[in-house]
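Open the structure in your viewer and keep the selection tool at hand. We will go from stop to stop, picking out residues and looking at what surrounds them.

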Amino acid sequence: MTTTVDGDAPGARAVRAAVDRAERGADPSRWPDKLPVSQRLELLLDPGSWVEDGLLANAQADGLPADGVRTGVGRVDGRRVAVIAHDFAVKAGSWGRLTCEKQIRILERADRDLLPVVYLVDSAGGRLTDQLGFFSDRRGASRIFQLQVALSGRVPQICCLHGPSAAGGAYMPAFTDWVGMVEGNASMYLASPRVAEKVTGEHTTLEEMGGALMHATVSGCGDEVFASDWEAIAAARLLLSYLPDSWQERPRDAAAAAPARQDWEGAIPADEAAGYDVRDVIDRLVDGGSFFEVKSRWAQEMVVGLARLDGHVVGLVANQPLVRSGAIFVDSADKAARFITLCDAFNIPLLFLHDVPGFMVGVAVERQGIIRHGAKMITAMASAEVPKLSVILRKSYAAGYYAMCAPGFEPRASIALPTATIGPMAAEASVNAMYAKKIAEIADPDERAAYIAERTDEQRADIDLLRVASELVVDAVVEPERLRAELVVRLADAAGWSRGPQRRHHHVSPV
């Protein structure tokens, strides 16, 4: 198959990998962009594995086949999964009393049997002709959401959004771990443009208010955008291969593979102000073609995703110097926090790749609550009990160093490349902060420049890597060519990890 997604677009690597690994080798022309629910199920599940419940729901009373939703259990690569698949051909996939009951029953089974859940969402929302059944009943939509929250962190929940997810039903994707949206068809919104106009006076379009690209780039509610149903489903199958069946298990290993690139020359510029794509560094560390980026179009100054290292699943949290110098903003802090909690829930070791000038500063971000959002990221990272490894690629300054798993947060090891710098701020900035008055008093430009250079050299000596290492701030200094091997050995040494004794129910999350 050949994917229709632009090869240079964010997330295209994950899409290509998903398509390459999908077990449907037929001509993609067999699969139009918009598929009926039966073909979506065929693409998702292993042949002959689908066992369905409630197929005759409402067939006699209202003539609504399966009451607009297909539910049951099938297999993905031999693993049992529970499935909810809306049928837009039946009253726009809307929810009535029996639609809710069917979804509740399969979610209760997933909770009882610890089954991953795959949602194929395509629904216009609650069926207004059956308001009592879907809205206020104890077995209505609220019970669905209660079960989704109960399942969160117990089993993986993966959503392919093929069409609308409207009104209260928009929360179904929001409670899942990953949402792949089909461009031009998928949407999430609490109220339609028509309702929004009545309430607020706004004139907008469905794409602008709740379309796939908006949610993947602005709101962060979508994880990736796909050109067709079959690509989104292929990516969901691939994502499942990185996740265990439940919180009680660990991800399955795969055959190890060499990294896609092994040439480190020029991969990380010496000038700490120069941008580069951290994904090129990731390609040199992880098994070739294994990086599955998450939320690649949103908060791009932070890169997160799953990969394999010598066949073992790891989660990567990396600053992206190519975007906003890799500084941590409000959205990127939230992006990292959510991904860290996903990895911790499903026993996936975390690898932090530092190249961060710190958290963003200024009036705008302070008013947005950068301290509160940064606290969420730090809380998630500090609470994670999975093995953590910290790598300083080039620089790690200020509170960004803390958020990316500084030694005080108990990484298994802090590793630095030979050119790494760690400190409260860059040497030049530190000099400007400490000696601003003195610098301003020097009238001669040459004398001023010499003074600044001398003070800067002093500051650099204070945070010199050898000095930092001699104080046990880093555990090892490794050449780039040896970094992958170092990480493989250290993760292998941590393979017998276990969780500590429970000390409390849970922390109080920053808002």
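What follows is a walk through helix pairs, cores and a few loop residues of this predicted model.

**Stop 1: a buried aspartate**

Start by selecting D67, which sits in the loop between β1 (51-53) and β2 (69-76). Is D67 buried or exposed? Its relative accessibility is 1%, so D67 counts as buried, the cut-off being under 20%.

**Stop 2: helices α3 and α5**

Next, colour helix α3 (residues 97-113) and helix α5 (residues 141-151). Two packed helices are described by the angle between their axes and the distance between those axes. Here the axes come within 9 Å and cross at roughly 20°. That angle makes α3 roughly parallel to α5, and the crossing of α3 and α5 is left-handed.

To see the contact, show side chains for C100, Q103, I104, L107, E108, A110 and D111 in α3, and for A141, R143, I144, L147, Q148 and L151 in α5. By class, the residues of this contact divide into eight nonpolar, two polar and three charged.

**Stop 3: helices α2 and α10**

Move on to helix α2 (residues 37-44), which packs against α10 at an angle of about 35°, with the axes 9 Å apart. Which way does α2 pass α10, left-handed or right-handed? The crossing is right-handed. Select R40, L43 and L44 of α2 together with D229, W230, I233 and R237 of α10 to display the contact. The contact of α2 with α10 has four nonpolar, no polar and three charged residues.

**Stop 4: the nonpolar cores**

Which residues have the most contacts inside the largest nonpolar core? They are V317, F339, L350 and M377, in a core of 62 residues. Helix α10 (residues 229-242) supplies the largest share of this core, nine residues. Apart from this core lies another one, of 32 residues, and I104, F145, C159 and A216 are among them.

Centre the view on F339 for a look at its surroundings. Setting aside neighbours within four places in sequence, F339 is in contact with V294, V304, G305, L306, G315, L316, V317 and L350.

**Stop 5: helices α12 and α14**

Now select helix α12 (residues 330-345) and helix α14 (residues 370-383), whose axes lie 8 Å apart at an angle of about 20°. These two helices are therefore roughly parallel to each other, and α12 crosses α14 in a left-handed way.

On the α12 side, the contact is made by V330, A333, D334, A336, A337, I340, T341 and D344. On the α14 side, pick I370, H373, G374, K376, M377, A380, M381 and S383. Sorted by class, the contact of α12 with α14 has nine nonpolar, four polar and three charged residues.

**Stop 6**

Follow the chain into the loop between α12 and β12 (350-356), where N347 lies. With a relative accessibility of 7%, N347 counts as buried. Select P251 as well: N347 and P251 are 96 residues apart along the chain, yet their C-alpha atoms are separated by 7.4 Å. Beyond neighbours within four places in sequence, N347 is in contact with W247, Q248, E249, R250, P251, V386, W497 and R499.

**Stop 7: helix α9**

Go to helix α9 (residues 212-219) and highlight A212, M214, H215 and A216, which are buried. What covers the buried residues of α9? The cover includes β6 (178-182), β7 (187-189), α8 (206-210) and β8 (224-226).

**Stop 8: positive phi without glycine**

Finish with two residues in loops. D310 has a positive phi of about 60° although it is not a glycine, and its place is between β10 (302-309) and β11 (312-319). At 31% relative accessibility, D310 counts as partly exposed.

C405 is not a glycine, but its phi is positive too, at about 80°. Look for C405 in the loop between α15 (398-403) and β14 (413-416). Is C405 buried or exposed? C405 is buried, with a relative accessible area of 0%.

Methods
Residues are numbered from 1 along each chain as its sequence is written. This is a predicted model: local features need pLDDT of at least 70, side-chain atom pairs count only at pLDDT 80 or more; totals for chains, interfaces and linings use all residues. Side-chain values use heavy atoms; hydrogens and water are left out. Helices (H or I, at least four residues) and strands (E, at least two) are DSSP runs, numbered from the N terminus. Buried means under 20% relative accessible area, exposed over 50%, partly exposed in between (1.4 Å probe, protein chains only). Axes are lines fitted to C-alpha atoms, for helices over the stretch in contact, and angles run from 0 to 180 degrees between N-to-C directions. Angles under 35 degrees count as roughly parallel, over 145 as roughly antiparallel, 65 to 115 as roughly perpendicular and the rest as oblique. A crossing is left-handed if the near helix is turned anticlockwise from the far one by less than a right angle, and right-handed if clockwise. Contact means heavy atoms within 4.5 Å. Ala, Val, Leu, Ile, Met, Phe, Trp, Tyr, Cys and Pro count as nonpolar, Asp, Glu, Lys and Arg as charged, and the others, Gly among them, as polar. A nonpolar core is a set of buried Ala, Val, Leu, Ile, Met, Phe, Trp, Tyr and Cys residues joined through side-chain atoms within 4.5 Å.
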